[in-house]
Amino acid sequence: MSTESKRQQRFAGVIQQDMGELFQREGSAWAPGAFITVTRVRVTPDLALARVYLSFLNTKQAKEDLKLIKSHANEIRYKLGVRIKNQARIVPQLEFFLDDTNEYVEHMDKLFDEISKEPRQPE
């Protein structure tokens, strides 16, 4: 995997910040009851595609909420375009992915807890 250029990183940061604010203000319209966090944004070298990784809190149906977000991708892209119009020439296409890092960490913590509770064999 190649590293991102400074330009890509800067543009991804702008998108992440604006998308975070957008989801904070209007996220309940797209995924009712869920608190949505933009955990990471990756941008292609031509800046035409942004992969947005989302984390969902206060919901048991993160995959269904992600589907709802994907169904509103054009509306979200338009609202993002309004916010970044003075900073970018084009508004990238948006792809949304579920960031399941928190679930993975919780799973690993449970495994480590189970391991630590097991009796140790004498050496």
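Throughout these legends, contact means that heavy atoms lie within 4.5 Å. The model is predicted, and local features need pLDDT of at least 70, side-chain atom pairs count only at pLDDT 80 or more, and totals for chains, interfaces and linings use all residues. Residues are numbered from 1 along each chain as its sequence is written, and side-chain values use heavy atoms, with hydrogens and water left out.

**View 1. Surroundings of Leu 54.**
Setting aside residues up to four places away in sequence, Leu 54 touches Phe 23, Ile 36, Thr 37, Val 38, Thr 39, Leu 66, Ile 69, Phe 96, Phe 97, Leu 98 and Asp 99. Leu 54 is also among the residues with the most contacts inside the largest nonpolar core, together with Met 19, Phe 23, Ile 69, Ile 76 and Phe 96. That core has 28 residues, where a nonpolar core is a set of buried Ala, Val, Leu, Ile, Met, Phe, Trp, Tyr and Cys residues joined through side-chain atoms within 4.5 Å. Two or more core residues come from each of helix H1 (6–30), strand S1 (35–43), strand S2 (49–57), helix H2 (62–71), helix H3 (73–84) and strand S3 (93–98), and the largest share, seven residues, is supplied by H1. In soluble globular proteins, nonpolar side chains tend to be buried together.

**View 2. The whole chain, as a setting for the close-ups.**
The protein has four helices and three strands, and from the N terminus on these elements run α-β-β-α-α-β-α; helices (H or I, at least four residues) and strands (E, at least two) are DSSP runs, numbered from the N terminus. The radius of gyration is 18 Å, well over the 14 Å that the globule rule gives for 123 residues, so the protein is more spread out than a compact globule; the radius is taken over C-alpha atoms, and the rule is 2.2 Å times the number of residues to the power 0.38. Along its principal axes the C-alpha trace spans about 65 × 35 × 20 Å. Of the 123 residues, 32% count as buried, a term that stands for under 20% relative accessible area, with exposed meaning over 50% and partly exposed in between (1.4 Å probe, protein chains only). Among contacts between residues at least 6 apart in sequence, 62% join residues at least 24 apart.

**View 3. Ser 55 in strand S2.**
Ser 55 is found in strand S2 and, at 6% relative accessibility, counts as buried. Apart from its neighbours within four places in sequence, Ser 55 is in contact with Phe 35, Ile 36, Thr 37, Thr 39, Asp 99 and Asn 102.

**View 4. Leu 47 in the loop between S1 and S2.**
Leu 47 lies in the loop between S1 and S2, where it is buried, with a relative accessible area of 9%. Although it is not a glycine, Leu 47 has a positive phi of about 65°. Most residues other than glycine have a negative phi, and most peptide bonds are trans.

**View 5. Gly 13 and Val 41.**
Gly 13 lies in helix H1 and counts as partly exposed, at 34% relative accessibility. Gly 13 and Val 41 are 28 residues apart in sequence, while their C-alpha atoms are 7.3 Å apart in space.

**View 6. Ala 88 and Phe 11.**
Ala 88 lies in the loop between H3 and S3 and, at 18% relative accessibility, counts as buried. A separation of 8.3 Å is found between the C-alpha atoms of Ala 88 and Phe 11, which are 77 residues apart along the chain.

**View 7. Ser 5 and Pro 119.**
Ser 5 lies in the segment before H1 and, at 33% relative accessibility, counts as partly exposed. Ser 5 and Pro 119 are 114 residues apart in sequence, and C-alpha to C-alpha they are 50 Å apart in space.
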